[in-house]
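Let's take a walk through this structure together. Keep the sequence and the 3D view side by side as you read.

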Amino acid sequence: QLVESGGGLVQAGGSLRLSCVDPGRTFRSYAMGWFRQAPGKEREFVATISWNGGRTYYADSVKGRFTISRDVAANTVALQMNSLKPEDTAVYYCAADNAIAQAMAARPIGEYGKLYWGKGTLVTVSS
């Protein structure tokens, strides 16, 4: 099971740091990532990271503003979000995939059922 934390309300231009814990060490050899779903929209890829943290991939919409990182020993994945915009408002989900991080980033929405998901954490960015 994956457990997210760190969501909240922030003004545009601000920062938030999301964290995802894998308490059972179930996904230590999996690629991990963050996805988000805004109201009325489909879930979308945000960022992924390889099992050892060596490779990262980002959606164009967050590149240069968000940073994904991984602490293998602590079984955690973080998403540092800077320069937040109102359009970043969404529920953010942590996910694990038994595939390489690049493939995880490229999965079509029809394959999201193959991922393992947390319950999500809400991020609201006010203008």
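**A hairpin and its sheet**

Start with β7 and β8, which make a hairpin with four residues between them, and where Asn 75 in the turn has a positive phi of about 60°. Strands here are DSSP runs of E, at least two residues long, and helices are runs of H or I of at least four, numbered from the N terminus. Before going on, note that this is a predicted model, where local features need pLDDT of at least 70 and side-chain atom pairs count only at pLDDT 80 or more, while totals for chains, interfaces and linings use all residues. Residues are numbered from 1 along each chain as its sequence is written, and side-chain values use heavy atoms, with hydrogens and water left out.

Strand β7 covers residues 66–71 and β8 covers residues 76–81; the two run antiparallel, joined by six bridges. Two strands count as paired if DSSP finds at least two bridges between them. Arg 70 has Val 77 in β8 as its bridge partner, and Ser 69 stands opposite Ala 78.

Buried means under 20% relative accessible area, exposed means over 50%, and partly exposed is in between (1.4 Å probe, protein chains only).

Step across to the other neighbour of β8: β3 pairs with β8 in the antiparallel sense over six bridges, with Leu 16 opposite Met 81. Put together, four strands form an open, antiparallel sheet in the order β1-β3-β8-β7. β1 (3–5) and β7 stand at the edges with a single partner strand each, so one side of each has no neighbour in the sheet. From one strand to the next, the twist averages 15°; that angle is between N-to-C directions, from 0 to 180 degrees, of axes fitted to C-alpha atoms (for helices, over the stretch in contact).

**The core**

The largest nonpolar core has 37 residues, and Met 32, Trp 34, Leu 79, Met 81 and Tyr 92 touch the most other members. Such a core is a set of buried Ala, Val, Leu, Ile, Met, Phe, Trp, Tyr and Cys residues joined through side-chain atoms within 4.5 Å. Which strand gives the largest share of this core? That's β9, with five residues. Leu 79 has contacts (heavy atoms within 4.5 Å) with residues including Leu 18, Trp 34, Phe 66, Ile 68 and Tyr 92.

**Rings**

There are eight aromatic pairs. Rings of Phe, Tyr and Trp (its six-membered ring) pair if their centres lie within 6.5 Å; planes under 30 degrees apart are stacked, over 60 edge-to-face, and the rest tilted. Phe 27 and Tyr 30 have ring centres 5.3 Å apart and planes at 70°, so they are edge-to-face. Tyr 30 also pairs with Tyr 116, at 6.0 Å and 65°, so this pair is edge-to-face too. The pair of Tyr 30 and Tyr 116 links parts of the chain 86 residues apart. Tyr 30 is buried at 16% relative accessible area, while Tyr 116 is partly exposed at 42%.

Elsewhere, ring pairs link Phe 35, Phe 45, Tyr 93, Tyr 112 and Trp 117 into a cluster. Arg 43 lies over the face of Tyr 93, 3.7 Å from the ring centre, and its charged end sits over the ring of Trp 117, 4.5 Å from the centre. A charge sits over a ring if NZ of Lys or CZ of Arg is within 6 Å of the ring centre and within 35 degrees of the ring normal.

Methods: Lists of a residue's contacts leave out its neighbours within four places in sequence.
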